[in-house]
Amino acid sequence: MTDYRHLSYWLSGLDGPLTPRPGLPGDTDADVAIVGAGYTGLWTAWYLAEADPTLRVVVLEREIAGYGASGRNGGWCSALFPTSLPALARRHGRDRALAMQRAMHDTVAEVGRVAAAEGIDCDWRAGGTVMLARGEAQLQRARAEVAQAHAHGLTDDDLRLLDAAEAAARCNAEGVRGGTYTPHCAAVHPAKLVRGLARAVERRGVRIHERTPVTALRPGAAVTPAGVVRAPVVVRATEGYTPGLPGQRRTVAPVYSLMVATPPLPEETWARIGLAERETFSDYRHVIVYGQRTADGRLAFGGRGAPYHYASRVRQGFDREPRVFAALRRALGELFPVLGPDVPVTHAWGGPLGVARDWAASVGLDRRTGLAWAGGYVGDGVGTSNLAGRTLADLIRGVESDLTALPWVGHRSPHWEPEPLRWLAMNAGLRVMSSADQSEHRTARPSRRADLFNRFLGH
């Protein structure tokens, strides 16, 4: 049997067995069939069951609940949305863009509310996010982000600029010149959240069938080797694993993000690092890094940098990139010299996230076919998936609401380019961003190459 605990630090320490639930026993009928037992699928099931307990909801999962990004991510339940507020305003107008951002703000509290109501102990701590500016180029980006946010209707209560002392008081990293702070984020134990959510939906009458791969989606049916689930609504909630479904190879690009975790650190070390409120943290470099202080006193730290794999392939072996793990350890040592040059690491893991061609997350229901979807979170799915689940529940039940009027509803991203163009572009972009960070470190000037690549992506 698969050892699911090795997939991440989060899964490794869970209480109780990770024995798969029974698979689909054969053909069955449902009102809603959901493919994928990660956050998106389970939140959708939870809100459907809460709104209408008579609905027959079936969730199908290839492995176990939380096998994918939901059990491996950085544990940021944030209000981050992959499309920036200015970009949303250009596409949909200022008011609708602001409504989208406010909905994301509300989502952070909503996840905490449901977790508490369902008794899901997921190490929830709403300490916000500190983004560090380490160098003049990063400080310029921090100032620009705050100015743009305020120009589009946000205030210091949502995002504020920090001077060097204020930033270091929250996260005392090396070379901090300033930064930003938002209260709209909570640090969570992602695997406790997803596994607890699976139990919560079962208590509400939802059926979850694990070790049940879906081989085809079509109007009115989800097809598996064990049988067909017939349902008027079929929800695709597969995020970075979407390219494995027939006809979905170019829908999203699976991009790998990798993480490491230290042993529990002594209190004197934490006194020098900070993060007293368990703030999540990052900085303004181009190749994204992210971290949190876990409830048991570790530093869990991750980042991009793994290559995109030709033809959108997703394999377990891609979760382990020694070069990237080594780079993450070096980055931790550079950020926090108190850890020493050879930062001890007890766990190293990774997994794919889903990136749409226009970097735009979306949610929708095609009423003609009954096929629904949500995803393209670009790594910001812990919070966004909850908003997706609430929105899908309204769409499926035919309820018009503030959620169904948000600008991401019904959005259709263009397909990614065919290979080899997709492989060339994605990996060239990674090199451009890495080179831009190195250049900015040397020259303290913003990189034009990074800006040009962002325009290519449609940011």
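Which residues of strand E11 are buried on one side, and which on the other? I kept in mind that I was reading a predicted model. Strand E11 covers residues 221–224. On one side I found Ala-221 and Val-223 buried, and on the other Ala-222 and Thr-224 are buried too. Both faces of E11 are therefore covered.

Next I looked up the partners of E11. Strand E10, residues 216–218, pairs with E11 in the antiparallel sense over three bridges. Ala-216 sits opposite Val-223 of E11. The hairpin of E10 and E11 has two residues between the strands, and Gly-220 there takes a positive phi near 85°.

Then I turned to strand E12, residues 227–230, which pairs with E11 in the antiparallel sense over four bridges. Here Val-223 stands opposite Val-228 in E12. A hairpin through two residues joins E11 to E12.

My last stop was the cores. The largest nonpolar core has 64 residues, and Leu-42 and Trp-408 touch the most other members. Helix H4 (residues 94–117) gives the largest share of this core, nine residues. I also noted a second, separate core of 30 residues, with Leu-162, Cys-171, Phe-301 and Leu-332 among them.

What is Trp-408 in contact with, leaving aside its neighbours within four places in sequence? My list includes Phe-81, Met-100, Val-363, Tyr-377, Leu-387 and Thr-391.

Key:
Residues numbered from 1 in each chain as written. Predicted model: local features only at pLDDT ≥ 70, side-chain atom pairs only at ≥ 80, totals over all residues. Heavy atoms only, no water. Core = buried A, V, L, I, M, F, W, Y, C linked by side-chain atoms within 4.5 Å. Buried < 20%, exposed > 50% of the residue type's maximum accessible area, 1.4 Å probe, protein only. Contact = heavy atoms within 4.5 Å. Pairing = 2+ DSSP bridges.
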